[in-house]
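Trainee: I have just opened this one and have not seen it before. Can you walk me through it?

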Amino acid sequence: MDLIYSTWPWYVAGPLIALTMFLLIKMGKKFGMSSSLRTMCSIGGAGWLVDFFKFDWKKDVWNLYVVAGVILGGFIALQFLSPTAPQINQEVLVKLQELGINSTNTAFLPTELFSLESMLTVKGFSILLIGGFFVGFGARYAGGCTSGHAISGLSNLQLPSLIAVIGFFIGGLVMIHLIFPLIF
Amino acid sequence: MKQFLSFFVIGLFLGILFIKSEVASWFRIYEMFQFKSFHMYGIIGSAIALGIIAVKFLKSTEAKDFSGKEINITPKEKGFTRYIVGGIIFGLGWALAGACPGPMYVLLGTALPSILVLILGALLGTFLYGVLKDKLPH
């Protein structure tokens with residue numbers, strides 16, 4: 001049981017992600033999580049307003065089945081299979097303390113950003129909404145996210161995916177090294 | 001129903017994997033962009049390495065999918081601007097929210113209302129892209 005309760009090491013998790021991609025290809029689909037967001041916009045009626053969402057979403061409804069499974073899987077793992085919080089590198093912990101984040105090594109997500117109290121402040125709410133917004137906008141603009149570009153795209157040795165992944169890292173590094181010191 | 005179940009089970013497995021490997025943890029993403037841990041790089045790197053082998057194998061054996069149809073992996077369209085600009089915008093959000101689309105769904109399992117704000121943002125972003133699509137350089 002220790003194997004389930006402790007953190008799954010990279011050499012277990014990475015191959016399992018590759019296996020998931022393999023299974024989805026064998027099921028006639030592809031591994032990409034962000035297209036479900038487009039499907040949801042379409043189901044929500046966005047096709048009435050914008051052509052981009054006017055597509056036969058019934059063909060893509062399988063990605064919502066995956067999403068439903070992901071939600072339940074996350075719930076099970078978080079509530080029953082994860083007795084310890086992620087244990088982060090010590091230097092990173094100190095850096096986070098300097099930013100005012102002290103929940104490192106005690107919570108799965110920083111309570112300073114994700115707690116209800118933080119969500120109900122203008123700053124806290126904005127961080128969540130803007131973070132999500134950039135993820136959604138950027139994923140569609142780039143035509144994929146971590147799963148679609150970094151995993152599926154690079155596995156297929158596609159140049160566009162390499163460009164996108166370089167973009168992911170430029171954006172991430174700018175956010176953490178240049179913008180974080182300004183907002184925290 | 002069978003179709004629903006097979007995709008649902010894949011999702012279930014993936015959801016547990018995202019949590020147990022901690023790729024859905026904001027802290028892990030921060031640590032990755034600080035280059036202070038091999039964990040995330042090991043996961044993404046080994047998934048890609050095995051993925052390359054798997055895709056090569058599927059192509060070279062002209063493997064069929066489970067329903068017997070030919071497997072077609074459509075490559076992304078050629079281009080530069082959309083991938084680099086879209087990628088940078090995505091990266092900014094990934095680091096700020098500490099979650100990409102898969103992990104966002106998984107984090108609903110924390111039962112924190114803040115995750116709904118994150119997903120609402122992602123839906124708004126997706127929607128706005130649809131609105132602006134024809135005006136953006138691609």
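Mentor: Start with a term. A residue counts as buried if 20 or more other C-beta atoms lie within 10 Å of its own. By that rule H2(B) is mostly covered, with 8 of its 8 residues buried. Keep in mind that this is a predicted model.

Trainee: Which residues are buried in H2(B)?

Mentor: They are B:Trp26, B:Phe27, B:Arg28, B:Ile29, B:Tyr30, B:Glu31, B:Met32 and B:Phe33.

Trainee: And what covers the buried residues of H2(B)?

Mentor: Elements of both chains are included. From chain A there are helix H5 (90-98), helix H6 (111-114) and H10, and from chain B there are H3 and H4.

Trainee: What comes just after H2(B)?

Mentor: B:Phe35, which takes a positive phi of about 55°.

Trainee: Where else is there a positive phi in a residue other than glycine?

Mentor: A:Leu157 has one, with phi near 50°. That residue sits in the loop between H9 and H10 of chain A. B:Ala111 is not a glycine either, and its phi is positive at about 65°. B:Ala111 belongs to the loop between H5 and H6 of chain B.

Trainee: Is B:Ala111 buried or exposed?

Mentor: Exposed, because B:Ala111 has 10 other C-beta atoms within 10 Å and the limit for exposed is 12 or fewer. A:Leu157 has 14 such atoms within 10 Å, so A:Leu157 is partly exposed.

Trainee: Change of topic. What is the secondary structure of chain A?

Mentor: Chain A has 10 helices and 0 strands. The C-alpha trace of chain A spans about 50 × 45 × 35 Å along its principal axes. Chain A has 184 residues, and 48% of them count as buried. Among the contacts in chain A with a separation of 6 or more, 42% are between residues 24 or more positions apart.

Trainee: Now the two chains together. How many residues does the contact take from chain A and chain B?

Mentor: It takes 106 residues from chain A and 101 residues from chain B. On the chain B side, the elements that give two or more residues are helix H1 (2-20), helix H2 (26-33), helix H3 (39-60), helix H4 (81-97), helix H5 (101-106) and H6. H1(B) gives the most, with 17 residues. The side of chain B that touches chain A divides into 62 nonpolar, 27 polar and 12 charged residues.

Key: Residues numbered from 1 in each chain as written. Chains lettered and ligands numbered in written order. Predicted model: local features only at pLDDT ≥ 70, side-chain atom pairs only at ≥ 80, totals over all residues. Helix = DSSP H or I, 4+ residues; strand = E, 2+ residues; numbered from the N terminus. Contact = placed C-beta atoms within 7 Å. Nonpolar A, V, L, I, M, F, W, Y, C, P; charged D, E, K, R; others polar.
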